Amino acid sequence: MLTKEQIVRAAVEVLDAEGVNGLNIRRLGTQLGSAASAMYYHVKSKDKLVVLAADHVFAEIPLPDTAGVGWQEAAASLARGAYVMVVRHYWLIPAMSTHLIYGPNKARFDERSLMIYESAGFIQAEADQAAATVLMFVIGAAQGQAAQAAWQAHLRRNGADADKELQGITAEMLAVTQNLPRLRARIDSAAITPPGDPFEFGLHTLLAGLESRIHSPTSSAP
């Protein structure tokens with residue numbers, strides 16, 4: 001007998017392969033060898049299914065033990081786990097722009113995040129602001145890779161050649177930056193020299209800034 005868990009797992013697989021636009025109840029029923037009516041018995045709509053799938057992937061983020069490490073290491077570990085998860089499931093970013101994501105796994109993530117920032121010394125709304133700021137950074141940092149994965153999924157759905165498309169785009173970018181030496185140099189070198197890790201740089205800078213705010217005499221909880 002088909003279960004909601006099976007449906008949600010299959011939905012994640014479809015979303016990973018084709019994105020939100022590639023998901024529909026009938027296609028999912030075909031993949032699971034079940035009638036669409038059986039899908040609707042467990043999940044009332046595609047929108048609800050997207051929310052369930054999004055909450056499901058939040059369970060992949062390891063929740064650090066705040067008692068075993070300092071707050072900065074716990075915050076960094078949680079942020080890294082969230083970043084890896086969002087990059088893996090690129091469809092989550094557009095889904096979060098059109099759906100209110102909630103559920104037990106997202107709630108556990110949020111609870112642990114608040115616990116970390118409260119243990120750092122933030123109180124009341126400041127803990128909320130610190131947690132939200134770091135999550136916004138994680139989502140923004142993952143945007144580039146997520147957008148590339150979404151673009152590749154779009155090409156797959158349309159049967160396009162990704163390598164050929166990328167070559168054409170690179171040529172256009174070089175033409176656009178012909179008189180912009182800094183940008184052109186970076187495009188020319190991108191295929192040869194791997195860039196540094198902007199995520200780790202940004203995360204370290206952000207957490208250091210939050211640390212300084214804790215000890216700042218001007219910092220106060222509302």
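Predicted model: local features only at pLDDT ≥ 70, side-chain atom pairs only at ≥ 80, totals over all residues.

1. Contact here means heavy atoms within 4.5 Å. Helices (H or I, at least four residues) and strands (E, at least two) are DSSP runs, numbered from the N terminus. With these terms, Gln6, Ile7, Ala10, Ala11, Glu13, Val14 and Glu18 of α1 meet Arg27, Leu28, Gln31 and Leu32 of α2. By class, this contact of α1 with α2 has six nonpolar, two polar and three charged residues; Ala, Val, Leu, Ile, Met, Phe, Trp, Tyr, Cys and Pro count as nonpolar, Asp, Glu, Lys and Arg as charged, and the others, Gly among them, as polar.

2. Residues are numbered from 1 along each chain as its sequence is written, and side-chain values use heavy atoms, with hydrogens and water left out.

3. The protein chain contains 11 helices and zero strands. Of its 222 residues, 35% count as buried (under 20% relative accessible area; exposed is over 50% and partly exposed in between, with a 1.4 Å probe and protein chains only). Among contacts in the protein chain with a separation of 6 or more, 71% come from residues 24 or more positions apart.

4. Two packed helices are described by the angle between their axes and the distance between the axes. Axes are lines fitted to C-alpha atoms, for helices over the stretch in contact, and angles run from 0 to 180 degrees between N-to-C directions. Helix α1 (residues 4–18) packs on helix α2 (residues 25–32) at an angle of about 110°, with the axes 10 Å apart. The two helices are therefore roughly perpendicular (65 to 115 degrees; under 35 counts as roughly parallel, over 145 as roughly antiparallel and the rest as oblique). The crossing of α1 and α2 is right-handed, that is, the near helix is turned clockwise from the far one by less than a right angle, anticlockwise being left-handed.

5. How do helix α5 and helix α7 cross? The axes of α5 (residues 71–88) and α7 (residues 104–120) come within 9 Å and cross at roughly 155°, which means that α5 is roughly antiparallel to α7. Their crossing is left-handed. From α5, Trp71, Ala74, Ala75, Leu78 and Ala82 meet Phe109, Ser113, Ile116, Tyr117, Ser119 and Ala120 of α7. This contact has nine nonpolar, two polar and no charged residues.

6. The structure holds seven salt bridges, each a side-chain nitrogen of Lys or Arg within 4 Å of a carboxyl oxygen of Asp or Glu. Glu73, Arg80 and Glu200 are linked in a network of them. The closest N and O atoms are 3.7 Å apart for Glu73 and Arg80, and 2.8 Å apart for Arg80 and Glu200. Arg80 lies in helix α5 and Glu200 in helix α11 (residues 198–214), so this pair ties together parts that are 120 residues apart in sequence. Relative accessibility is 43% for Glu73, 31% for Arg80 and 28% for Glu200; Glu200 thus counts as partly exposed.

7. Another salt bridge joins Lys106 to Asp110, with the closest N and O atoms 2.8 Å apart. Both residues lie in helix α7, and because they are four residues apart, about one helical turn separates them. Lys106 is buried at 11% relative accessibility, whereas Asp110 is partly exposed at 28%.
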